[in-house]
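Open your viewer and get your selection tool ready. We will go from stop to stop, with something to pick out at each one.

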Amino acid sequence: GGILRSIVRITVSPRWRLWRGEQEARRDTFFVFQLMERLKYSYNETSLFASVDATLYQSIIAFDSSDPMLVSWGHRNAAFSFTAIGLHPLAKICLQRVQRGSETGIPSLDMKALSEFTEGFRYYLRGEFRDSDRHFQESISAAESCGDGFTLLQALHMNRHRAAWSGTAVEELSIAKRVFGVAQEIGNARGICWGWYDQAAAFARLGMLQEATTAIVQSKGQFTDEQWKLTHSIFGTVHGYVHLQCSSYDKARKSLESAWTLVKQSRLMFEFNVHCLPHLLESVTGPRWVNRMPKEDRRFAKSLQVWIRLLYRAYPPLQPLMLRVLGRLFASEGHTRKAVREFERSEAVAHQRDMPYQRARALLDLAAVKEEGRGDNRAKAIELLKATESVIPQAEGWLLGNEVDQAVVAASFDRDAWEAENSEWSAAR
């Protein structure tokens, strides 16, 4: 009820009570605003609705002031909350108000950094990665100019997520290293954790599995607060992906199940942690997904299928991956025509959204179950994997047919042997 009233207050009835009174009252307003700013970032890790409620309340405080800077900030914060809960048209209205304010010279560079970040985030969640990248770059430039380290950290971190979908693995790694560097510079512990797992994801896609494993262990060592529920679930998602790239499907399932459980318990469902859901199904069907699964695995896989269908429309960036793993599930059940349909849909959506790595994976899976065009699909997939400097797990090398191009297959990596050699170091983390 509180959130709904705030939405109406912000978007339908913008007749704010203006406090044009004493300096002391303005100072008190700014103090409460700053307090809510700190609470908001704390709530981000524990409760989506508490974070949205706090942010919208903060916006009301801003609008009830007579400070043009706070009013613009309030619009920006409302836009971010609307984006987070999928109300993109309302977010656009608020961002347009920020833009109108900038035309009068009200917002500063730090406001530009924040509003461009929010716009990039909005496009990212819609799966419009070119526009997302453009706005993130604008945010990064403005944040660097005004010395806003935290916004710079956020913009780089989200652009790393964007690069994982639409960029090359080398680009992703380059951004990830910048995330880590900025986090260290400003002394942000959570950001250092982001920087390590960002690097782990990029290393894994590149096939640099020892480096990926080292980075993910380093990331785990940064957890200083058990209340970082969102960061914990994203860490588990990336850890699961690293295991998949290492062809350790059982270990991947363990990490991903833990992440998915935390996502459901915390009700923090963002694209970057719901990402664990399709990867979890991928770990259950395994590398030889054309073979039938054990009965208990089939039952669990079907429950994941229900969740994927339920959440499919809410997370456009995840759609090609979701469709592809559903295709693998159908193939494991012997439903080849359904599998072909899902793989073709996955490839089409990935192509439309300019997601070359996901498109390559879909083409390889399609070639495994559809003889027509098999050679062409495999050749195109290899071309895309090389263009994005990405690899597939070694256990899935069979997807390439008789003539395996080792350049697009991860090298052998014995995770157990690595852990044994580094047991003392990794246990400390």
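**Stop one: α11 and α12**

Select helix α11 (residues 209–220) and helix α12 (residues 229–245), whose axes come within 10 Å and cross at roughly 160 degrees. Helices here are DSSP runs of H or I with at least four residues, numbered from the N terminus. Axes are lines fitted to C-alpha atoms over the stretch in contact, and angles run from 0 to 180 degrees between N-to-C directions. That angle makes α11 roughly antiparallel to α12 (over 145 degrees).

This is a predicted model, in which local features need pLDDT of at least 70 and side-chain atom pairs count only at pLDDT 80 or more, while totals for chains, interfaces and linings use all residues. Residues are numbered from 1 along each chain as its sequence is written, and side-chain values use heavy atoms, with hydrogens and water left out.

Now show the side chains in contact (heavy atoms within 4.5 Å): L209, A212, T213, I216, S219 and K220 of α11 meet F235, V238, H239, V242 and Q245 of α12. They divide into six nonpolar, four polar and one charged; Ala, Val, Leu, Ile, Met, Phe, Trp, Tyr, Cys and Pro count as nonpolar, Asp, Glu, Lys and Arg as charged, and the others, Gly among them, as polar.

**Stop two: the largest pocket**

A pocket is an open set of points on a 1 Å grid over the protein atoms alone, where a 1.4 Å probe fits, with protein on both sides within 12 Å along at least five of seven lines; lining residues have an atom within 4 Å of a point. The space inside is about 540 Å³, taken as the volume filled by probe spheres set on the points. Colour α11, α12, α13 (249–266) and α21 (415–421), each of which supplies at least two lining residues. The lining divides into seven nonpolar, eight polar and six charged residues.

**Stop three: α9 and α10**

Next pick helix α9 (residues 169–186) and helix α10 (residues 189–206), packed at about 165 degrees with axes 8 Å apart. That makes α9 roughly antiparallel to α10. Their contact residues divide into 14 nonpolar, four polar and four charged.

**Last stop: α15 and α16**

Finish with helix α15 (residues 276–285) and helix α16 (residues 295–311), at about 155 degrees and 10 Å between axes. Among the residues in contact are L277 and P278 of α15, and F300 and W307 of α16. The contact holds 11 nonpolar residues, no polar ones and one charged.

How values were computed: Angles under 35 degrees count as roughly parallel, over 145 as roughly antiparallel, 65 to 115 as roughly perpendicular and the rest as oblique.
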